[in-house]
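User: I have a chain open in the viewer and want to go through it piece by piece. Can we start with the helix packing?

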Amino acid sequence: FPILQPLWTNLYGGGSVLGLLLLSCFCAGECMNTLFRREASCMTPLWTGGLIASSLAAFALAFINPNTYRAVFYFMMSRDPIFRHIIEWRYFAREDLLSLHGVLLVLGAALLLRFWRDTDWTELMLFSVFGYLSIDAPRSLPFFAMATVPLVASRLTRILDDADGRPRVPVWLYPAGAFALCMLTIWYLAKDAGKFQSDYSFGLGVNMKLVPVRAVDFVEENGVRGPIFNSYGIGGYLIWRLYPRERVFLDGRVEMYGTEFLKGYMLYWQPEVWEEYVRRYGITVAIIDREPNYTTRYLDESDRWALVFFDDRAMIYLRRVPQNEALIRRYAYRYMRPGSMKFDYLDASLVDPAKTFALIGELQRSIGDEQYSLNSHLMLGYCYLKLGPVYYQRALKEYQAAAAIMPESRDVREKIAWLQQQLKV
């Protein structure tokens with residue numbers, strides 16, 4: 001472990017504290033077993049001393065990284081409320097108790113209470129520490145599962161076996177139970193019961209729903225040059241694709257940037273914050289991912305920035321400087337505001353025939369790869385609906401394309417049903 005810890009720290013950054021927590025739980029638990037339940041511990045005094053020395057050595061070696069103490073004490077930085085705006089750091093919600101996470105929490109706690117008289121302190125430490133971390137932030141869920149499943153399995157076995165270790169139930173139930181669990185897992189994934197495949201579809205290559213593949217393709221194919229401003233969630237992918245030619249503004253290794261920088265970033269959509277970033281860093285390119293809130297309003301309304309690319313994953317804005325003028329003349333969208341959740345801003349263009357023609361042309365140009373153009377299909381459907389019954393057939397086609405991409409949308413299904421009814425009439 002002392003050898004592995006600096007590797008973990010340099011490869012996984014702030015997450016490497018989990019290795020130190022694992023060692024600490026095991027070290028403290030085995031010491032408690034030695035003190036209170038000697039028969040439960042495999043530790044001799046010599047081994048206990050070796051485990052303590054190994055834990056201390058791993059802690060010391062964890063500081064050998066470019067960010068020194070910031071990587072080791074990253075978990076202290078993550079206590080700042082600003083982190084709760086990031087999905088993987090959100091608070092545990094009540095509905096989470098109804099998930100597999102909640103089942104594992106409740107089952108683990110119940111089994112620990114059931115066998116409290118012969119508690120294994122190491123298992124109790126692992127369950128308590130990693131259980132708390134899983135409640136504190138979803139990013140720790142996999143580690144909680146790895147720490148808890150052996151605890152649950154060993155205690156369920158004790159319930160199913162008698163005092164001599166013989167099964168109380170027919171032996172065939174064990175492989176049958178394992179088979180049933182495998183089938184449940186396959187069903188869970190195949191039916192997407194947990195809405196997992198909607199974002200994490202199985203297959204080779206990069207998941208285009210999670211990273212801005214087409215946006216970076218546009219950057220590379222057109223020789224777009226920075227300095228770049230980018231959203232938090234896509235910084236790592238941009239590093240992979242564009243480094244060392246371009247540097248990112250921010251990525252997921254927040255221990256490198258600090259909470260104050262992150263707090264400022266959370267307000268980038270405010271005009272004064274944005275202009276300060278442009279002045280300080282000379283930003284000429286903005287690659288911003290799609291977010292629930294309309295964070296690009298200022299860029300859409302500014303005559304100093306132009307939207308040149310968008311799909312369902314990201315948008316690219318270029319600052320109107322000489323190096324970008326040729327690309328802006330070729331690719332700029334004059335009427336689109338893809339970051340807006342409402343389409344009523346399009347109404348002003350739809351009353352002018354010339355603008356309507358240009359607007360629909362821009363939307364058709366933006367579709368590109370059908371699979372990742374949901375927003376464009378929805379906007380086209382909206383435009384055709386606004387243009388009246390003559391265009392209902394075209395509107396239906398666009399909403400059907402949108403439904404193929406997002407079949408779970410009730411609003412899209414209702415529009416399709418209404419349009420089909422109107423066309424029959």
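User: In which hand of crossing does H6 pass H8, left-handed or right-handed?
Analyst: H6 passes H8 in a left-handed crossing. Keep in mind that this is a predicted model.

User: What are the angle and the distance between the axes of H6 and H8?
Analyst: The angle is about 45 degrees and the axes are 9 Å apart. H6 covers residues 100-114 and H8 covers residues 141-160. With that angle, H6 counts as oblique to H8.

User: Why quote both an angle and a distance?
Analyst: Because two packed helices are described by the angle between their axes and the distance between the axes.

User: Which residues of H6 and H8 meet?
Analyst: From H6, the residues are His-101, Leu-104, Leu-105, Leu-107, Gly-108, Leu-111 and Leu-112. On the H8 side they meet Leu-141, Phe-144, Ala-145, Thr-148, Leu-151, Val-152, Arg-155, Leu-156 and Ile-159.

User: And by class, what is in the contact of H6 with H8?
Analyst: Twelve nonpolar residues, three polar and one charged.

User: Switching to strands. What is the strand order in the sheet?
Analyst: The order is S1-S2-S4-S3, in an open sheet of four strands with mixed pairing. The edge strands are S1 (228-230) and S3 (305-310), each of which pairs on one side only. From one strand to the next, the twist averages 20 degrees.

User: Is S3 buried or exposed?
Analyst: Six of the six residues of S3 are buried, so S3 is largely enclosed by the rest of the structure.

User: How many bridges join S3 to S4, and in what sense do they run?
Analyst: Five bridges join them, and the two strands run antiparallel. Ala-306 stands opposite Leu-318 in S4. S3 and S4 form a hairpin, with three residues between them.

User: What about S2 and S4, how many bridges there?
Analyst: Five bridges, with S2 (residues 285-289) and S4 (residues 314-319) pairing in the antiparallel sense. Ala-286 has Tyr-317 in S4 as its bridge partner.

User: Where do Pro-227 and Pro-244 lie?
Analyst: Pro-227 is in the loop between H10 (213-221) and S1. Pro-244 is in the loop between H11 (235-242) and H12 (259-265).

User: Now Trp-121. Where is its place?
Analyst: Trp-121 is in H7, residues 121-136. The relative accessible area of Trp-121 is 25%, so this residue is partly exposed.

User: What is Trp-121 in contact with, leaving aside its neighbours within four places in sequence?
Analyst: Gly-29, Met-32, Asn-33 and Phe-36. Phe-36 and Trp-121 are 85 residues apart in sequence, and their C-alpha atoms are 9.2 Å apart in space.

User: Last one, the chain as a whole. How many helices and strands, and what percentage is buried?
Analyst: The chain has 20 helices and four strands. Buried residues make up 44% of its 425 residues. Taking contacts between residues at least 6 apart in sequence, 58% join residues at least 24 apart.

Conventions. Residues are numbered from 1 along each chain as its sequence is written. This is a predicted model: local features need pLDDT of at least 70, side-chain atom pairs count only at pLDDT 80 or more; totals for chains, interfaces and linings use all residues. Side-chain values use heavy atoms; hydrogens and water are left out. Axes are lines fitted to C-alpha atoms, for helices over the stretch in contact, and angles run from 0 to 180 degrees between N-to-C directions. Angles under 35 degrees count as roughly parallel, over 145 as roughly antiparallel, 65 to 115 as roughly perpendicular and the rest as oblique. A crossing is left-handed if the near helix is turned anticlockwise from the far one by less than a right angle, and right-handed if clockwise. Contact means heavy atoms within 4.5 Å. Ala, Val, Leu, Ile, Met, Phe, Trp, Tyr, Cys and Pro count as nonpolar, Asp, Glu, Lys and Arg as charged, and the others, Gly among them, as polar. Two strands pair if DSSP finds at least two bridges between them. Buried means under 20% relative accessible area, exposed over 50%, partly exposed in between (1.4 Å probe, protein chains only).
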